[in-house]
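Subject: A structure for you to look at

Hello,

Here is the structure I promised to pass on. Please open it first, and then read my notes alongside it.

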Amino acid sequence: MNAHAIAATLFGPQDLRIVEHPLAPLAPGMVRVRFGAGGICGSDLHYFRHARTGDYVVTSPLVLGHEISGEIVEISGAAPGLSVGDHVAVNPSRWCGHCARCLERRANLCENIYFMGSASKTPHMQGGFASLFDATPAQCFKVPPDVAYQAAALAEPLAVSLHAVARAGDIAGRNLILFGAGPIGLLTMLAARLGGCGELTVADIAAAPLAFARRLGADRTI
Ligand SMILES: [Zn+2]
Ligand SMILES: [Zn+2]
């Protein structure tokens, strides 16, 4: 097994380096994932430009990346439903399992949550822009091997969009306006289409994303 991983590591504003990190033996109850593909989130860009995202300040080297897919290369202990060789989409959130929110089965709101590639906690939780990284089995969602890694890596931002559409209630046949045609907005547009909405209008302040929205089937752009 590899004794090291190479990772896109942020040392400060616009100081991103490909660095070799030693890999400890896989801890019990964890799986090791070989990087397949990763999406670059707006928060990754904020970290890159300013070494911070909002209140989260990078105070020690941080491996970026939280929209990741890959292949399981090692399993330590029980990992129900997962095998070495499986392709997985990785949920970047690692929840505690025992706080009030977790016990309500709302682990996405966990009070002690760790998030891959985020400076929200110190020490920071390292991200997935690494040739190999470790995750809990619960973070790993198996995808069919014929799904491209690039598509599987979109599972995380797509989850945001599916949640947004679910929050909107019954949209079947209803006309919608979507504000913002970035990746999340465009995925939300596609999710709303799948939900059977009526006419779709997309608003943005920039021309390029609006052109993308039209290519993806927006009825009108503003
Ligand atoms: Zn993100
Ligand atoms: Zn919790």
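To start with the overall layout, the centres of domain 1 and domain 2, taken over C-alpha atoms, are separated by 28 Å. Domain 1 covers 4-149 and domain 2 covers 157-221; these bounds come from an automatic or database domain assignment.

A word on the basis of these notes: this is a predicted model, in which local features need pLDDT of at least 70 and side-chain atom pairs count only at pLDDT 80 or more, while totals for chains, interfaces and linings use all residues. Residues are numbered from 1 along each chain as its sequence is written, chains are lettered from A and ligands numbered from 1 in the order in which they are written, and side-chain values use heavy atoms, with hydrogens and water left out.

The UniProt record, an unreviewed entry, annotates residues 28-144 as "domain: Alcohol dehydrogenase-like N-terminal". UniProt positions are given in the numbering used here, feature names are shortened, and such annotations may be inferred rather than shown by experiment. Over residues 28-144 the chain is 11% helix and 34% strand, with 26 Å between the end C-alpha atoms. Helices (H or I, at least four residues) and strands (E, at least two) are DSSP runs, numbered from the N terminus.

Now to the metals. Which residues coordinate the zinc ion (ligand 1)? They are Cys41, through SG, and His66, through NE2, at 2.1 to 2.3 Å. Cys41 sits in the loop between strand 3 (31-39) and helix 1 (42-50), and His66 in the loop between strand 6 (62-63) and strand 7 (67-75), so the pair ties together parts that are 25 residues apart in sequence. Donors here are N, O and S atoms within 2.8 Å of the metal (3.2 Å for Na, K and Ca); water is not among the atoms, so sites may look incomplete. His66 is buried, at a relative accessible area of 4%. Buried means under 20% relative accessible area, exposed over 50%, and partly exposed in between (1.4 Å probe, protein chains only).

The zinc ion (ligand 2) is held by the SG atoms of Cys96, Cys99, Cys102 and Cys110, at 2.3 to 2.4 Å. Along the chain, these donors follow the spacing C-x2-C-x2-C-x7-C. The site is tetrahedral, with angles of 105 to 117° among its four donor atoms; four donors count as tetrahedral if all angles lie between 85 and 135 degrees. Cys96 is partly exposed at 23% relative accessibility, whereas Cys99 is buried at 6%.

Not counting residues up to four places away in sequence, Val88 touches a list of residues including Val33, Ile68, Leu82, Cys140 and Phe141; contact means heavy atoms within 4.5 Å.

Most residues other than glycine have a negative phi, and most peptide bonds are trans. Here the peptide bond from Thr122 to Pro123 is cis, with omega near -5°, and Pro123 lies in the loop between strand 10 (114-115) and strand 11. Gln14 has a positive phi, near 55°; Gln14 is in the loop between strand 1 and strand 2 (15-22) and is exposed, at 57%. Ala51 also has a positive phi, near 55°, but Ala51 is buried, at 8%, in the loop between helix 1 and strand 4 (52-53).

Finally, two prolines. Is Pro157 buried or exposed? Pro157, in helix 4 (residues 155-167), is buried at 4% relative accessibility. Leaving aside neighbours within four places in sequence, Pro157 is in contact with Glu67, Ile184 and Leu187. Pro183, in helix 5 (residues 183-194), is exposed, with a relative accessible area of 63%.

Terms used
Tetrahedral: all angles 85-135°; square planar, octahedral: opposite > 155°, others 65-115°.
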